[in-house]
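Trainee: I keep meeting labels for parts of a model. Can we take some of them and check each one against its definition?

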Amino acid sequence: MNWITQLFLTALILNLLIEAWLNIKNQFHIRQHRDQVPDEFSEVVTLEAHQKAADYSRAKLQLGRMGLFYDAAILAFMTIGGGFQDIYNLWLNTSLEPIWRDVGFLLSTLWFLSLLHLPFSLISTFKIEADFGFNKTTPAKFVSDMVKQWALMLALGLPLVWVILSIMNNYFEQAWWLYTWIVWMVFQLVIMWAYPKWIAPIFNKFTPLEDEAMKTRINNLLERTGFESNGIFVMDGSSRSGHGNAYFTGFGKNKRIVFFDTLLEKLTPEEVEAVLAHELGHFKHGHIKQRLIESTVLSLAGLALLGWLAQLPEFYIGLGLSTQTPAAALLLFMTAVPVLFFFLGPVSAIKSRKHEFEADAFAAEHVGSKYLVSALLKMYRDNASTLTPDPSYSAYHDSHPPAKIRIDHLNSLPSNAQEVSLEVK
C-alpha cells in the first residue's frame, strides 16, 4: 500500500462512516417525530400526509444506506481490487488502434458502472416511488429512457473522449490539462445552449403554455423584473412521476421557463407566479453565473491536479492499475479522485441554502411572500417532503433550507410579513 492507496482508503472509509451515521441519525429523528405534525404546519398538513412523508423519507434513507456500502465496495473492488485493470486487459486483446482502444475502455467502463447501479434505480422507481403513489413510469418507458441515455452518452461522449485522449497523448509531458480544460468548457457551453431545444425533448414532451391568463401574469412578472426568455413551456412530468417542479434551462437568448404539468395542476396562478419569481431571483442575484464560474475554476484546478498525478507511477499502482496511460488517468480522475474531496459537499450545500434564502427574498419583494409560502406548503405536502429532518443531516446534505426555517424566514421579511398565511385549500 503506497501513500495514494492509504489516502484513498482513508477518505473512502471516513466518508462512508460519516454518511452512514448521518443517514441513521436522520432516519431515527424522522421516526421520533412521525406521530405529530409540527404545530406551525398542523393547519395545512394532515397527520396522514405527515406520516406518509416520514415513511417515504425513511424508505429512501434505507435504500440510500444500502447504496452507500454498495458504492464503496464497488469502487474499492474496481480500483485496488483490480476491476479496472481487468476491463483494460480485455481491450488489449482487440486489434483496435491504441486511441480507439482507450476510448472504448473508458466508455465501456463507465457504461458497466451504470449497469451496476441499475438495481437501485429499479428499486427506487418501481418499489419506493410506486408504493407511495408517485411512479408513473412503465417498464417500457424505463427501458426506453435508459437506452436513450446510453445512446446520448455514446453520441456525445465518443467524440469528446477521443478529442481529450488525443490531447493527452500528444501533450502528456506538457500542459495537456489546460488544453483539455478549454475543450471541456466549450463542450459544457454547447450542451447548455443545446439542451432546451435538442436534448431535453428526447426524453419529454414540451408544449407552449396555453393558459392566456397565466401567460399574461408570467409575462408581466418577467417585464417587471427585467427578465427575457425564449418561451414558457409545460413539460409532461406526469408521464413519469407525480412530483411537481419548475425550472429554467439554457442561457443567453436560449433560456426557457419550464413548468411540470403536475405543478400547474396543484398550484393557483398566484402560487405559480411566486414559484417563478423565486427562480428569477436566482438569475437576478447571479447565482447561475456564480456556479458556472466556480465550476470553471474547480475544473481547471482539478485537471491541473490530474496533470500532476498522471506523472506519478504510484497514482496508478496505488489505485489498482498497472497500465499507466492517459485513459487510465482520466478514469481514475472521474471515479476515485472525487472521494478525496467529499468534504466539499457540505460547503456547496451551505452556499446553496444561502442562495435559496436570497431567491425567496426576491420573490417576496416582487409578488409577496404569502403565495410563495402557500406554494411551498403544497409542494412539501404533495411531494411527501419531510417536515422534520435531522438538523445535522440537513446541514450536511440539503441544498434547500428545512421547511420550518424557510417558512420562518419568509414570515420574517418586513415588507410582506403581515400577508403571510399558512391556510392552504
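Trainee: What makes K52 count as lying over the face of F134?
Mentor: A charge sits over a ring if NZ of Lys or CZ of Arg is within 6 Å of the ring centre and within 35 degrees of the ring normal. K52 is at 4.8 Å from the ring centre of F134 and lies over its face. R256 lies over the face of F233 too, at 4.1 Å from the ring centre.
Mentor: A word on the source: this is a predicted model, where local features need pLDDT of at least 70 and side-chain atom pairs count only at pLDDT 80 or more, while totals for chains, interfaces and linings use all residues. Residues are numbered from 1 along each chain as its sequence is written, and side-chain values use heavy atoms, with hydrogens and water left out.

Trainee: Which rings does F134 join in a cluster?
Mentor: Ring pairs link F134 with Y56 and F132. The structure holds 16 aromatic pairs.

Trainee: Why is the pair of W184 and F187 called stacked?
Mentor: Rings of Phe, Tyr and Trp (its six-membered ring) pair if their centres lie within 6.5 Å; planes under 30 degrees apart count as stacked, over 60 as edge-to-face and the rest as tilted. W184 and F187 have 5.7 Å centre to centre and 25° between the planes. So the pair is stacked.
Mentor: The two sit three residues apart in helix α7 (residues 176–199), so about one helical turn separates W184 from F187. Helices here are DSSP runs of H or I with at least four residues, strands are runs of E with at least two, and both are numbered from the N terminus.

Trainee: How do you know that W184 is partly exposed?
Mentor: Buried means under 20% relative accessible area, exposed over 50%, partly exposed in between (1.4 Å probe, protein chains only). W184 has 29%, so it counts as partly exposed. F187 has 22%, so F187 is partly exposed as well.

Trainee: What makes the pair of Y247 and F260 edge-to-face?
Mentor: Their ring centres are 6.4 Å apart and the planes stand at 80°, so the pair is edge-to-face. Y247 is in strand β3 (residues 246–249) and F260 in strand β4 (residues 256–260), 13 residues apart. Y247 is partly exposed at 22%, whereas F260 counts as buried at 17%.

Trainee: Why is α8 called roughly perpendicular to α14?
Mentor: Axes are lines fitted to C-alpha atoms, for helices over the stretch in contact, and angles run from 0 to 180 degrees between N-to-C directions. Helix α8 (residues 212–225) and helix α14 (residues 344–367) have axes that come within 11 Å and cross at roughly 105°. Under 35 degrees counts as roughly parallel, over 145 as roughly antiparallel, 65 to 115 as roughly perpendicular and the rest as oblique. So α8 is roughly perpendicular to α14.

Trainee: Which residues of α8 meet α14?
Mentor: L221, R224 and T225 in α8 meet F362, H366 and V367 in α14. Contact means heavy atoms within 4.5 Å.

Trainee: Is A384 buried or exposed?
Mentor: A384 has 3% relative accessibility, so it counts as buried. The loop between α15 (369–382) and α16 (391–397) holds A384. Its phi is positive, about 55°, although A384 is not a glycine.
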